[in-house]
Amino acid sequence: MSRALVLRLLIAFLGLVFILLTIWAGNIYHFSFAVTLVIMLSFGLATFLAEIIIIIDNLEKRIKRLFPALDLSAAEQASINETLDLYVRLKKSYSVVSTRIALLEFENIHKMLSAAERGSDYIFHDIYLASMVLLGSLEPGQTFKVVSNLSKRFYWKTGIRGTEHTELNMQQARKGIKIQRIFVLYSRSELLELEEVFHEQASAGIDVYYAFRENLESILPYASFAISEDLCTGIVSHRQDILGKVTVTTNSEWISELSTRFEEIRVASENFRLQ
């Protein structure tokens with residue numbers, strides 16, 4: 001039973017009671033017909049206004065269902081409207097191959113948002129951005145655990161995403177977020193190449209570890225992963241050659257497994273210490 005129906009039934013019941021009370025009071029106190037009529041009309045007007053309020057409330061809900069973007073800011077509405085406008089224009093030129101590919105990605109976004117709403121795992125195509133959103137959501141005292149395959153200096157020192165990612169790590173560590181990062185290396189040359197990165201992160205308060213991939217084959221089934229047990233969220237990269245494609249999960253069992261893996265890898269790693 002809807003809230004509107006309950007209100008209407010309540011108003012009808014109160015109206016009947018009010019009419020009976022008015023008739024009873026009129027007989028006891030000898031109200032004139034005009035007075036009785038005014039009282040009843042006043043209640044009728046109040047009932048009419050209540051019905052108008054119910055109609056307006058239902059209309060507002062229907063409008064929001066039809067136009068959900070109304071709950072967003074003006075800037076967000078403009079962005080969504082622009083995207084929909086682009087989508088409509090591209091649909092008209094669907095015969096162009098590049099257009100069809102772009103529209104497939106639009107459909108993938110819908111699937112990703114639907115999966116996120118259900119609490120299911122989904123694929124995201126930017127390892128930096130996914131990590132930054134998770135890390136940026138943490139509060140002082142919370143923990144961010146990472147097994148990182150970003151084992152080249154340029155991953156941390158070049159490009160907008162790389163430098164933003166580095167700066168956010170430093171800022172969050174200084175704010176009191178406990179960051180533990182294990183770098184997975186493939187050669188001794190990578191160890192020398194990343195020494196500056198190690199030093200910078202350790203100086204900011206990040207616990208830095210490193211290990212060689214050949215020693216982790218039995219305990220690291222993924223290319224890399226990052227987890228926050230406090231927020232019950234994980235980001236997993238499955239393949240070394242596809243750094244940008246990650247799985248985002250809120251599955252508590254998987255995150256618990258990843259946490260166990262992290263501790264096993266940390267035990268098998270070397271702790272980088274400032275000299």
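In strand 4, Y209 is the bridge partner of I182. L185 likewise has its bridge partner there, F212. Strand 3 (residues 178-185) and strand 4 (residues 207-212) pair in the parallel sense over six bridges. Pairing requires that DSSP find at least two bridges between two strands. The model is predicted: local features need pLDDT of at least 70, side-chain atom pairs count only at pLDDT 80 or more, and totals for chains, interfaces and linings use all residues. Residues are numbered from 1 along each chain as its sequence is written, and side-chain values use heavy atoms, with hydrogens and water left out.

Strand 3 also pairs with strand 2, again in the parallel sense and over six bridges. T143 stands opposite K178 of strand 3. Strand 3 is mostly covered, with seven of its eight residues buried. Buried means under 20% relative accessible area, exposed means over 50%, and partly exposed lies in between (1.4 Å probe, protein chains only). In a regular strand the side chains alternate between the two faces of the sheet.

The chain as a whole comes to ten helices and eight strands. Both kinds of element are DSSP runs numbered from the N terminus: helices are H or I with at least four residues, strands are E with at least two. Of the 275 residues of the chain, 33% count as buried. Among contacts with a separation of 6 or more, 67% join residues 24 or more positions apart. A contact means heavy atoms within 4.5 Å.

Helix 7 (residues 160-175) has 16 residues. From first C-alpha to last, helix 7 reaches 22 Å, close to the 22 Å expected at 1.5 Å a residue. The expected span is 1.5 Å times one less than the number of residues. The buried residues of helix 7 are G162, H165, T166, L168, N169, M170, Q172 and A173. They pack against helix 5, helix 6 (154-157), strand 3 and helix 9 (195-203). An α-helix has 3.6 residues a turn, so residues three or four places apart point the same way. Helix 7 is followed by G176, whose phi is positive, near 115°.

A positive phi also occurs at C232, about 50°, although C232 is not a glycine. Most residues other than glycine have a negative phi. C232 is found in the loop between strand 5 and strand 6. With a relative accessible area of 27%, C232 is partly exposed.

T233 lies in strand 6. At 17% relative accessibility, T233 counts as buried. A polar atom of the T233 side chain lies 3.0 Å from the backbone oxygen of L231. A polar contact is a pair of N or O atoms within 3.5 Å; within protein, one must be able to donate a hydrogen and the other to accept it, and residues adjacent in sequence count only if both atoms are side-chain atoms. Not counting residues up to four places away in sequence, T233 touches L134, A226, I227, S228, T249, T250 and I255.

R239 lies in the loop between strand 6 and strand 7. R239 is partly exposed, at 47% relative accessibility. R239 and S224 are 15 residues apart in sequence and 8.1 Å apart in space, C-alpha to C-alpha.

Aromatic rings were also paired. Rings of Phe, Tyr and Trp (its six-membered ring) pair if their centres lie within 6.5 Å; planes under 30 degrees apart count as stacked, over 60 as edge-to-face and the rest as tilted. By this rule the count comes to eight aromatic pairs. The rings of F154 and Y155 have centres 4.5 Å apart and planes at 50°, so this pair is tilted. F154 counts as partly exposed at 45% relative accessibility, whereas Y155 is buried at 17%. Ring pairs also link W156, F183, F198, Y210, F212 and F272 into a cluster.
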